[in-house]
Structures are given as structure tokens and as C-alpha cells.
Amino acid sequence: MKRNGYISWDEYFMGVALLAAKRSKDPNTQVGACIVDSNNIILSTGYNGFPYGCSDDLYPWEREGEDTKYNYVVHAELNAILNARGKNLKGARLYVDLFPCNECAKAIIQSGIAEVVYLYNKYADSEATRASARMLQSAGVKLRQFKTDTETIVLDFKANA
Ligand SMILES: O=c1ccn([C@H]2C[C@H](O)[C@@H](COP(=O)(O)O)O2)c(=O)[nH]1
Ligand SMILES: [Zn+2]
């Protein structure tokens, strides 16, 4: 008999997105994304970080001031799309913990992604988020907030030792 307590596809892919976010060096908001095809095969992952060659220790992580992270950070969703290295993303689902901004929405739409599953929308009142939702809706990209009764998934490196 199969065991109980296994995670759903949605929990699995949002879990992968959250795990990817753990790689982010952003001190304020860590974002992770996971792109999946219609057969539930992972096509790509990404997190918010500086471009190749731009050192995490030399570029600014500040939110305010003369030079901020916003000038440099590649967003998690865009990184996931770029990390797919030209794979066909038509009809794919994108799992992301933060609701995508307007720039990511443009890339999501143009890459053919059909559905965005997001965890939270902490900048719901911002212009960027409103523009994003508007574009995604116009382009027919399905938007769904992730829901689960499971609060945590524990990763135990010694589980089978
Ligand atoms: O669509 C998005 C929007 C934002 N991000 C990244 C960009 C930044 O690294 C953080 C946001 O930082 P705050 O300090 O919360 O303003 O999130 C992203 O990856 N995708
Ligand atoms: Zn973005």
C-alpha cells in the first residue's frame, strides 16, 4: 500500500521555488521560481541575484541611496526563464513565491508560460504589481495563489542515514 503524507505537485514545485530562494543573497526579499511543463517535469529554476560577473560582495544590496540593488538584480522569474536556455516554455507553469513584477510579467507572457502560481503578494498595492496583473490577465495567463494545509516541509539531510 502506498504511504500517506506525500506532498502534492503544487507543494513540490512551490517547495522547489522556496528552496531556490534560499540561494538568494538579497537581505530583504529572497525570491525563487520554478518552471514546470504539462507533464510535471521541471524545466528550470531561478532566484533573484546579480548577473554573472557582478560580485555579491561588490555590488550594493541596499534598497535606498545613491546606488541600489534595483539597478542590478535579475529577478527570479527572469532568471528561471533565461536558465531554461531556450527550451520551449509554451503552456508551462511558473511557481514563484512573490507575485511577479511588471517586467517579469512581460517576460512570462512573451515566453509562452500559461500559468503563474504565486505564494504571496506583498507589493499588491504597487503600480508594478497592478501593471503586471493587468498584462497577465490581458494575455490570458492564468493566475493562481498557492493554497495548502501544509505549513512546513522539512528537509532532513540525515533522514535515511
Ligand atoms: O518579480 C519580482 C520582483 C522582485 N524580485 C526581487 C528583486 C529584489 O531582489 C527583491 C525585492 O526586494 P525588496 O527589498 O522587497 O524591494 O525581489 C523578483 O525576484 N521578482
Ligand atoms: Zn520581476
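I started at Arg 85, which sits in the loop between helix 2 (76–83) and strand 3. Helices (H or I, at least four residues) and strands (E, at least two) are DSSP runs, numbered from the N terminus. The model is predicted, so I kept its limits in view: local features need pLDDT of at least 70, side-chain atom pairs count only at pLDDT 80 or more, and totals for chains, interfaces and linings use all residues. Residues are numbered from 1 along each chain as its sequence is written, and chains are lettered from A and ligands numbered from 1 in the order in which they are written.

**Entry: positive phi**

For Arg 85 I read a phi near 55°, a positive value in a residue other than glycine. The scale I used calls a residue buried if 20 or more other C-beta atoms lie within 10 Å of its own, exposed if 12 or fewer, and partly exposed in between, with C-beta atoms placed from the backbone.

Asn 40 also has a positive phi, near 65°, and is not a glycine. I found Asn 40 in the loop between strand 1 (32–36) and strand 2 (42–47). Asn 40 is exposed, having 10 other C-beta atoms within 10 Å.

I traced an open sheet of five strands in the order 2-1-3-4-5, with mixed pairing. Strand 2 and strand 5 stand at the edges with a single partner strand each, so one side of each has no neighbour in the sheet. From one strand to the next the twist averages 15°. For that angle, axes are lines fitted to C-alpha atoms, for helices over the stretch in contact, and angles run from 0 to 180 degrees between N-to-C directions.

I counted two strands as paired if DSSP finds at least two bridges between them. Strand 1 and strand 3 pair in the antiparallel sense over four bridges; Cys 34 has Tyr 95 in strand 3 as its bridge partner. Strand 3 (residues 93–98) and strand 4 (residues 115–120) are parallel, with five bridges, and Arg 93 is bridged to Glu 115 in strand 4. Strand 4 and strand 5 (residues 142–145) are parallel over four bridges. There Glu 115 stands opposite Lys 142 in strand 5.

I followed the connections next. Strand 3, helix 3 (residues 102–111) and strand 4 form a right-handed β-α-β unit. From strand 4 the chain crosses through helix 4 (residues 127–138) to strand 5, and this β-α-β crossover is right-handed. The test is that, with the strands pointing away from the viewer, the path from the first strand over the helix to the second runs clockwise.

**Entry: record and ligand**

An unreviewed UniProt entry places "domain: CMP/dCMP-type deaminase" at residues 8–143. UniProt positions follow the numbering used here, feature names are shortened, and annotations may be inferred rather than shown by experiment. Over residues 8–143 I read 32% helix and 18% strand, with the end C-alpha atoms 19 Å apart.

The unreviewed entry also places a "binding site" at His 75, Cys 101 and Cys 104. They span 30 residues in sequence, yet no two of their C-alpha atoms are more than 8.8 Å apart, so they gather at one spot. His 75 lies in the loop between strand 2 and helix 2 and counts as buried, with 21 C-beta neighbours inside 10 Å.

Around ligand 1 I listed 15 residues, the closest being Asn 28, Thr 29, Val 31, Asn 48 and His 75. A residue is near a molecule or strand if its C-beta atom, placed from the backbone, lies within 6 Å of it.
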